[in-house]
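Here is a briefing for a reader who is new to this structure. Look through the sequence and the 3D view, then read on.

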Amino acid sequence: MNSEFIIAVHSLVLLAHREDGMASSEEIAANVCTHPARVRKVLGCLRKLGYVSTREGSGGGYRLTCDPMEVTLADVYRAMSAGSLMPNWCSGDPEMDCMVGSNMQDVMNSVFCGAEKQLEAYFSDITIGGMLLNIAQRQHV
């Protein structure tokens, strides 16, 4: 899991929370607790996918352009983090003359691919709007 996914989800939930669905990268960054440049990078990806639009100038920023009850965490995960569960390195070597060492990479790839599919399936039941509702419920507890 990478931080871009977290920034993307947090930003979309924050924009869904706003009456006008809009906030500047500085406002979003302050809420996320990160640098505005990181927010701009992530929201640039979300803009290309049609989740947000930008408005330049005074009073400008990012505006939510999707229905938060329709966008799932799986959508955001696929856009920002697909494949991030896969390790950068795996033990073993397919050329080894050992059953364990020569097959470990394939078996571990299979394990992580299965885990990623299950994660996406879990995320497919959670929407940006549902995240906002969950936050609102916690606020009133």
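## Starting point: a serine in a helix

Ser11 sits in helix α1. Helices here are DSSP runs of H or I with at least four residues, strands are runs of E with at least two, and both are numbered from the N terminus. The model is predicted: local features need pLDDT of at least 70, side-chain atom pairs count only at pLDDT 80 or more, and totals for chains, interfaces and linings use all residues. Residues are numbered from 1 along each chain as its sequence is written, and side-chain values use heavy atoms, with hydrogens and water left out.

**Ser11 and its surroundings**

- Ser11 counts as buried because its relative accessibility is 0%. Buried means under 20% relative accessible area, exposed means over 50%, and partly exposed lies in between (1.4 Å probe, protein chains only).
- Ser11 is in contact with Ile28, Val32 and Leu43, leaving aside neighbours within four places in sequence. Contact means heavy atoms within 4.5 Å.

**Overall layout**

- The protein chain has six helices and three strands.
- From the N terminus on, the order of elements is α-β-α-α-β-β-α-α-α.
- The radius of gyration of the protein chain is 19 Å, well over the 14 Å that the globule rule gives for 141 residues, so the chain is more spread out than a compact globule. This radius is taken over C-alpha atoms, and the rule is 2.2 Å times the number of residues to the power 0.38.
- The C-alpha trace spans about 65 × 35 × 25 Å along its principal axes.
- Of the 141 residues in the protein chain, 35% are buried.
- Take the contacts between residues at least 6 apart in sequence: 63% of them join residues at least 24 apart.

**Strands**

- Strand β1 (residues 22-23) pairs with strand β3 (residues 61-64) in the antiparallel sense, over two bridges. Two strands pair if DSSP finds at least two bridges between them.
- In this pairing, Met22 stands opposite Arg63 in β3.
- Strand β2 (residues 52-55) runs antiparallel to β3, and four bridges join them.
- Thr54 stands opposite Tyr62 in β3.
- β2 and β3 form a hairpin with five residues between them. Gly57 in the turn has a positive phi of about 90°.

**Nonpolar core**

- Nonpolar side chains tend to be buried together in soluble globular proteins.
- The largest nonpolar core here has 30 residues, and Leu12, Ile28, Leu46, Val76 and Ile128 touch the most other members. Such a core is a set of buried Ala, Val, Leu, Ile, Met, Phe, Trp, Tyr and Cys residues joined through side-chain atoms within 4.5 Å.
- Two or more residues of this core come from each of α1, α2 (25-32), α3 (36-48), β3, α4 and α5.
- α1 gives the largest share of this core, eight residues.
- Leu46 touches Ala8, Leu12, Tyr51, Val52 and Met80, not counting residues up to four places away in sequence.

**Aromatic pairs**

- How many aromatic pairs does a search of the whole structure find? There are four. Rings of Phe, Tyr and Trp (its six-membered ring) pair if their centres lie within 6.5 Å; planes under 30 degrees apart count as stacked, over 60 as edge-to-face and the rest as tilted.
- Phe5 and Phe123 are stacked, at 5.3 Å centre to centre with 15° between the planes.
- This pair links distant parts of the chain: Phe5 is in helix α1 (residues 3-17), Phe123 is in helix α5 (residues 99-123), and they are 118 residues apart.
- Phe5 is buried at 5% relative accessibility, and Phe123 is buried at 9%.
- Tyr77 and Phe123 form an edge-to-face pair, at 5.9 Å centre to centre with 65° between the planes.
- Tyr77 in helix α4 (residues 73-80) and Phe123 in helix α5 are 46 residues apart.
- Tyr77 is buried, with a relative accessible area of 0%.
- Ring pairs link Phe5, Tyr77, Tyr122 and Phe123 into a cluster.

**Helix α4**

- The buried residues of α4 are Leu73, Ala74, Val76, Tyr77 and Met80.
- They lie on the same side of α4 because they cover an arc of only 160° around the axis. The arc is that of the directions from the helix axis to the C-beta atoms.
- Their cover includes α1, α3, α5 and α6 (128-139).
- Arg78 also lies in helix α4. Arg78 is partly exposed, with a relative accessible area of 43%.
- Arg78 and Leu43 are 35 residues apart along the chain, and 15 Å separates their C-alpha atoms.
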